[in-house]
Amino acid sequence: PVGLRASLLSPRWDSLVSGFHRPLIISAGTCGGLDPQLASGDLILPESVLGPSGERLNVTPSSHRAAVSVAGGSGRAGCLVTTREVVQTAADKAELRARTGAVAVDMESSIILTAASAAGCPSLVVRGVSDDARAGLPRELVGLINPHGRVQRARAIALAVTHPAAIPRAIALQRSTMQALRAVARLLATLMAHSGNNGA
């Protein structure tokens, strides 16, 4: 619960880690696919994340191995890139992939991994693809999301009136986002059960 661009991470950090000794920090949520072979709902389990300034942050190898193991081959490894702004068009996604070699993009993981590293905590990234490399994100839809990652209802209603053609795309994006989040939730539940069975 750290919001779009992890804008709420700093004020919520202390309460999130309170009572834990070196907790595993997981950046979990959705991402955009950059690799054309990825489809909506696919799991991304990157070994590393590129930050907006080009810094590379690695997840904890043992945590990554555990996640890959319980994913049973359904998760895609590689590099994920974090950007400051939404990558809106298929052409922009192709350019970002060519420039970074990343398989997917989000706006939070490098920030979360930086905080985990500063606190001396192990880290992991589990993301689900909500929009593939061929799918664009119209500017009107991007504007519907507030910093908390929630849809702003008043803007959504206004969009239905002023840009009715965007509604089918919004519905399709909502469906693919839920598909991606369900895949992430299943993996996290399996990972937690596996850790508990091993006494971790």
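Colleague: Which residues are buried in helix α4?
Modeller: In this predicted model, S109, S110, I112, L113, A115 and A116 are buried there. The helix covers residues 109–118.

Colleague: What follows α4?
Modeller: G120 does, and its phi is positive, near 70°.

Colleague: New topic. How many salt bridges are there?
Modeller: The count is eight. One of them pairs E85 with R5, at 3.1 Å from N to O.

Colleague: Where do E85 and R5 lie?
Modeller: E85 is in the loop between β6 (79–82) and α3 (90–100), and R5 is in the segment before α1 (9–17), so the pair ties together parts 80 residues apart in sequence.

Colleague: Is E85 buried or exposed?
Modeller: Exposed, with a relative accessible area of 52%. R5 counts as partly exposed, at 33%.

Colleague: What does E95 do with R99?
Modeller: Their side chains meet in a salt bridge, 2.9 Å from N to O. The two are four residues apart in helix α3, about one helical turn.

Colleague: Why does that spacing matter in a helix?
Modeller: An α-helix has 3.6 residues a turn, so residues three or four places apart point the same way.

Colleague: And what is the accessibility of R99?
Modeller: R99 is exposed at 57%. E95 is partly exposed at 42%.

Colleague: Which residue does R127 bridge to?
Modeller: E108, with the closest N and O atoms 3.2 Å apart. R127 lies in strand β8 (residues 123–131) and E108 in the loop between β7 (104–106) and α4, so the pair ties together parts 19 residues apart in sequence.

Colleague: Is R127 buried or exposed?
Modeller: Buried, at 4% relative accessibility. E108 is buried too, at 10%.

Colleague: Which residues do shared partners join into a network?
Modeller: D35, R76 and R97, through salt bridges.

Terms used: Residues are numbered from 1 along each chain as its sequence is written. Side-chain values use heavy atoms; hydrogens and water are left out. Buried means under 20% relative accessible area, exposed over 50%, partly exposed in between (1.4 Å probe, protein chains only). A salt bridge is a side-chain nitrogen of Lys or Arg within 4 Å of a carboxyl oxygen of Asp or Glu.
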